[in-house]
Amino acid sequence: MNDINPLTKALGHLFWPNQMTPRPAGAPTDWLRFARWAAAAFTALTTGIQLIVWAMIGVVTQSIDSPWWLWSAVPGFLVTAFLTWMINTRDQLGIEPPATTAPERRPAASPLA
(Lines give C-alpha, C1' and ligand atoms only; values in the text may rest on other atoms or scores of the structure.)
Protein backbone atom coordinates (compact mmCIF):
# COMPACT_ATOMS: atom_id res chain seq x y z
CA MET A 1 0.00 0.00 0.00
CA ASN A 2 1.60 3.23 -1.10
CA ASP A 3 0.95 6.76 0.13
CA ILE A 4 -2.19 6.34 2.19
CA ASN A 5 -3.41 8.52 5.01
CA PRO A 6 -2.86 7.36 8.63
CA LEU A 7 -6.57 6.76 9.30
CA THR A 8 -6.89 4.41 6.35
CA LYS A 9 -3.67 2.73 7.37
CA ALA A 10 -4.85 2.32 10.96
CA LEU A 11 -8.28 0.97 10.08
CA GLY A 12 -7.36 -0.76 6.84
CA HIS A 13 -6.94 -4.18 8.43
CA LEU A 14 -10.64 -4.11 9.33
CA PHE A 15 -11.81 -3.54 5.76
CA TRP A 16 -9.01 -4.95 3.58
CA PRO A 17 -7.21 -7.64 5.59
CA ASN A 18 -5.70 -9.31 2.51
CA GLN A 19 -4.18 -6.07 1.21
CA MET A 20 -2.35 -5.03 4.37
CA THR A 21 1.31 -5.84 4.83
CA PRO A 22 2.04 -8.84 7.06
CA ARG A 23 4.05 -8.65 10.25
CA PRO A 24 7.73 -9.33 9.54
CA ALA A 25 8.93 -12.87 10.13
CA GLY A 26 10.90 -13.34 13.31
CA ALA A 27 9.49 -10.24 14.98
CA PRO A 28 9.57 -10.60 18.76
CA THR A 29 6.55 -11.15 20.90
CA ASP A 30 5.75 -8.44 23.40
CA TRP A 31 3.58 -7.71 26.42
CA LEU A 32 0.63 -6.51 24.36
CA ARG A 33 0.51 -9.82 22.53
CA PHE A 34 0.84 -11.68 25.84
CA ALA A 35 -2.02 -9.60 27.30
CA ARG A 36 -4.21 -10.50 24.33
CA TRP A 37 -3.38 -14.18 24.71
CA ALA A 38 -4.04 -14.07 28.46
CA ALA A 39 -7.36 -12.25 28.02
CA ALA A 40 -8.50 -14.74 25.38
CA ALA A 41 -7.44 -17.75 27.45
CA PHE A 42 -9.06 -16.42 30.63
CA THR A 43 -12.29 -15.60 28.77
CA ALA A 44 -12.42 -19.03 27.12
CA LEU A 45 -11.76 -20.82 30.42
CA THR A 46 -14.30 -18.89 32.48
CA THR A 47 -16.95 -19.00 29.77
CA GLY A 48 -16.46 -22.75 29.32
CA ILE A 49 -16.85 -23.38 33.04
CA GLN A 50 -19.91 -21.16 33.20
CA LEU A 51 -21.49 -22.91 30.21
CA ILE A 52 -21.02 -26.28 31.92
CA VAL A 53 -22.56 -24.98 35.15
CA TRP A 54 -25.41 -23.35 33.20
CA ALA A 55 -26.11 -26.63 31.37
CA MET A 56 -26.01 -28.58 34.65
CA ILE A 57 -28.48 -26.17 36.24
CA GLY A 58 -30.69 -26.54 33.17
CA VAL A 59 -30.62 -30.34 33.44
CA VAL A 60 -31.31 -30.38 37.20
CA THR A 61 -34.10 -27.78 37.14
CA GLN A 62 -35.37 -28.87 33.69
CA SER A 63 -35.61 -25.29 32.52
CA ILE A 64 -33.13 -23.05 30.78
CA ASP A 65 -32.49 -19.86 32.69
CA SER A 66 -31.34 -16.66 31.02
CA PRO A 67 -27.79 -16.88 29.64
CA TRP A 68 -26.09 -15.23 32.64
CA TRP A 69 -22.70 -16.50 31.47
CA LEU A 70 -22.72 -13.72 28.87
CA TRP A 71 -21.88 -11.23 31.65
CA SER A 72 -18.29 -12.47 31.59
CA ALA A 73 -18.07 -13.71 27.99
CA VAL A 74 -18.99 -10.43 26.29
CA PRO A 75 -16.58 -8.16 28.23
CA GLY A 76 -13.79 -10.71 27.79
CA PHE A 77 -14.45 -10.82 24.06
CA LEU A 78 -14.45 -7.02 23.88
CA VAL A 79 -11.13 -6.79 25.75
CA THR A 80 -9.58 -9.38 23.43
CA ALA A 81 -10.96 -7.61 20.35
CA PHE A 82 -9.65 -4.25 21.58
CA LEU A 83 -6.17 -5.68 22.22
CA THR A 84 -6.19 -7.27 18.76
CA TRP A 85 -7.16 -3.94 17.22
CA MET A 86 -4.36 -2.19 19.12
CA ILE A 87 -1.78 -4.73 17.91
CA ASN A 88 -2.95 -4.54 14.29
CA THR A 89 -3.04 -0.73 14.33
CA ARG A 90 0.40 -0.52 15.93
CA ASP A 91 1.85 -2.94 13.37
CA GLN A 92 0.32 -1.09 10.42
CA LEU A 93 1.53 2.30 11.64
CA GLY A 94 5.02 0.93 12.15
CA ILE A 95 5.17 1.89 15.82
CA GLU A 96 6.48 -1.49 16.95
CA PRO A 97 10.21 -1.68 17.58
CA PRO A 98 12.21 -3.50 14.92
CA ALA A 99 12.79 -7.25 15.18
CA THR A 100 16.48 -6.83 15.97
CA THR A 101 17.12 -4.29 18.70
CA ALA A 102 20.62 -5.44 19.65
CA PRO A 103 23.05 -2.50 19.67
CA GLU A 104 25.72 -2.51 17.04
CA ARG A 105 29.08 -3.36 18.59
CA ARG A 106 32.31 -2.05 17.19
CA PRO A 107 35.77 -2.72 18.56
CA ALA A 108 37.22 0.12 20.58
CA ALA A 109 39.81 2.23 18.80
CA SER A 110 43.39 1.42 19.72
CA PRO A 111 45.11 4.19 21.68
CA LEU A 112 48.34 3.37 19.81
CA ALA A 113 46.90 3.93 16.37
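Trainee: How many helices and strands are there in the protein?
Mentor: There are 3 helices and 0 strands, where helices (H or I, at least four residues) and strands (E, at least two) are DSSP runs numbered from the N terminus. Keep in mind that this is a predicted model, where local features need pLDDT of at least 70, side-chain atom pairs count only at pLDDT 80 or more, and totals for chains, interfaces and linings use all residues. Residues are numbered from 1 along each chain as its sequence is written, and side-chain values use heavy atoms, with hydrogens and water left out.

Trainee: OK, what angle do helix 2 and helix 3 pack at?
Mentor: About 160°, with the axes 9 Å apart, for helix 2 (residues 31–61) and helix 3 (residues 70–93). Axes are lines fitted to C-alpha atoms, for helices over the stretch in contact, and angles run from 0 to 180 degrees between N-to-C directions.

Trainee: So are helix 2 and helix 3 roughly parallel or antiparallel?
Mentor: Roughly antiparallel, therefore, as angles over 145 degrees count that way.

Trainee: Which residues make the contact?
Mentor: Among them are Leu32, Ala39 and Thr43 of helix 2, and Gly76, Phe77 and Leu83 of helix 3; contact means heavy atoms within 4.5 Å.

Trainee: Switching topic, what share of the protein counts as buried?
Mentor: 20% of the 113 residues; buried is under 20% relative accessible area (1.4 Å probe, protein chains only).

Trainee: And what does the accessible surface come to?
Mentor: About 9000 Å², with 69% belonging to carbon and sulfur atoms, by the Shrake-Rupley method with a 1.4 Å probe.

How values were computed:
Buried < 20%, exposed > 50% of the residue type's maximum accessible area, 1.4 Å probe, protein only. Parallel < 35°, antiparallel > 145°, perpendicular 65-115°, else oblique.
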